[in-house]
Amino acid sequence: MVDDNELNRLRDIAAPAPGESAKARAFEAALRAYDEENISAVTQGSAGGLRLTERAQKLWSEIMQKKLIATPALAGLIALPIAGYATFHLLREQPPKFGGDEKITETLADKPAALKPAEPKQAPTGLEKDKKADADVESRDATDVLVAPASPPKSESAQAGGTAQQTANERAVVAEPAPPAPTGEFTLNSTAPSTSRLARVPAAESKLMAPQPTMAPADQIAPQEENRNRVQDFKTNPVHAALEDPVSTFSIDVDTASYSFVRRSLKEGAVPQADTVRVEEMINYFPYDWKGPDSASTPFNSTVSVMPTPWNAHTKLMHVAIKGFDIKPAEQPKANLVFLIDVSGSMDEPDKLPLLKSAFRLLVSKLRADDTISIVTYAGEAGTVLMPTRAAEKDKILNAIDNLTPGGSTAGEAGIKEAYKLAQQSFVKDGVNRVMLATDGDFNVGQSDDDDLKRLIEQERKSGVFLSVFGFGHDNLNDQMMQTIAQNGNGTAAYIDTLAEAEKVLVEDASSTLFPIAKDVKIQVEFNPNKVSEYRLIGYETRALNREDFNNDRVDAGDIGSGHSVTAIYEITPKGSGGEQIDPLRYGQATVNNGGVANADEYAFVKIRYKLPNEDVSKLITTPVTSANEVASFDQASTDQRFSVAVAAFGQKLRDEDATAKFGYDKIMEIATAARGADPFGYRSEFLSLVRLASALGGNR
């Protein structure tokens, strides 16, 4: 036994040494002697908490294994995830000692085993059955989560007179909310009242019920969290009959978020969810050397080509490539940027706020001295961290970024309003005014519904302030919300999963990310039913517009930044090719008897509408598509065209679309490898590795 005076002396030491307190050593001494009264004396007499040492934890585990070997359910209390709860209360409540009419079943560890001859088994008597039933009830009770009510610290006088109250408390059964989840270290808190019978929460109310007596806490494997990403679901574009529905209309899309998300999934060993694959965003992730306009007076140039389809001998691909005018650095307008940064609790992950801070540091280094930066953060509420500051004051800006810390709920609506307000206060006429939102999209305070946020953004964009959205993180990413506000805020969306991706988006592509050259860009294609039986647009499902929207300048559409390239691909079925999927109409127009049809030799007529960044009236560009735009074989198409088609095939393959069901990854690899061309940043080489990963994972073979 441990001497009581020694225990009291150790317990009253006011300044224990770091790492291992005197109280902890006293507790170890009591454990070695297994003195139940002194264990209780140490735990109840401690002022504040008692943090066990590693040796004390091991001693307690050994004792519990011996004491509870005959009760498997109780033995399970030493295993995670309920080890912290069980040890916390069992040590404080003197679990081995029972008073009054309480009973405890003896185990082989309590007394030496008596040697006696083996006896034949007999059927249990009625009394034995009753005892077994009682034991079963006790065992089931022990497997429930054990909790004890917390109380404020007692004064010395209250502690001195607390013996009688403690006796009453020992028989009280009180259910309280469970304490915080254990952190892996056992902590004894002496401020809670003592109870010998622990209150329990019914099994149906707890997720920490299953004991695992054979698994040590260090080996406990936490269950995988449910994937909580919010992604908009959509159906693949159908095949249209040109005779019945000759017109296709959509908004351009220069977002790249889908490609980054797909890349992360594949590198983590998982085939991406189909709705995370937006084929146009995968195609437009890569820079292409399309022919651009000759002057800034025309913001972009379009190039249309027709080529054989590599996955279908009966169809052709109509490839529409748009290249924006590339503003020279000396001609770039002054930028007024507001960083709107989510610092809520959900951002407290390595691939969220820490990565975000590094990414924005890269952007700051790219800006010119007379550009302006402001920083607004939002968690439980929005706040201005940095008022408009010239980029020349780099240290001040970087210090503000470095001091950002996560915590609280997510008041995204309030943050958006505050950011737009600050952008308008420092508005630069004839310059770039942009809010740059960085978040995982987990809005949960204020307006969090996508439609409400859409209306808010539509209202704010009237101020002339553009919006960029940068998604961070995994398993809680609200991609659907970010796509909604980006598409309706005259902005773009990107997903940043690595520092290399941050460098691509914010440094290498800074001009196209920050400096718009055209807004509300729409494409409308009319197919000639005399030349084309059927067509389908590859991708752009979430960007579809009504036919009448094309000429309506009030309808919002996508935006093009400096040097941006945009690619759209149609798969068309030439009339009489034998590849038609839709039966002709019985009473449809079979022939034309009015002396011929104008422009009968055209495949299609491409129209593009756009507005200049500071204008509200659209302009029109048209391009007829004839046999002059056609190449005889797929190999005769340009390197960039062939590579973009390989990416389109890969995206369709991941979405398990019918068109590429019989087109293997090996064919995609063959096309992409032959068309890799100049690859200064290694993007195309990385694409080849993703195709190999998808093939190895067996995604939609």
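Student: What share of the contacts in the protein with a separation of 6 or more comes from residues 24 or more positions apart?

Tutor: Those residues account for 81% of them. Contact means heavy atoms within 4.5 Å. This is a predicted model, in which local features need pLDDT of at least 70 and side-chain atom pairs pLDDT 80 or more, while totals for chains, interfaces and linings use all residues. Residues are numbered from 1 along each chain as its sequence is written, and side-chain values use heavy atoms, leaving out hydrogens and water.

Student: How many helices and strands?

Tutor: The protein has 21 helices and 20 strands. They are DSSP runs, numbered from the N terminus: helices are H or I with at least four residues, strands are E with at least two.

Student: And how much of the protein is buried?

Tutor: Of its 701 residues, 50% are buried. Buried means under 20% relative accessible area, with a 1.4 Å probe and protein chains only.

Student: Take H10, residues 257-267. Why call it largely enclosed?

Tutor: Because 10 of its 11 residues are buried, the rest of the structure largely encloses H10. The buried ones are Ala257, Ser258, Tyr259, Ser260, Phe261, Val262, Arg263, Arg264, Ser265 and Leu266.

Student: What follows H10?

Tutor: Gly269 does, and its phi is positive, near 85°.

Student: Back to H16, then. How many of its residues are buried?

Tutor: Eight of nine, so H16 is largely enclosed by the rest of the structure. Those eight are Asp479, Met481, Met482, Gln483, Thr484, Ile485, Ala486 and Gln487.

Student: New topic: H12 and H17. At what angle do they pack?

Tutor: H12 (residues 353-366) and H17 pack at about 35°, and their axes are 9 Å apart. Axes are lines fitted to C-alpha atoms over the stretch in contact, and angles run from 0 to 180 degrees between N-to-C directions.

Student: Which residues make the contact?

Tutor: H12 brings Leu355, Ser358, Ala359, Phe360, Leu362, Leu363 and Lys366. H17 brings Leu499, Ala502, Glu503, Leu506 and Val507.
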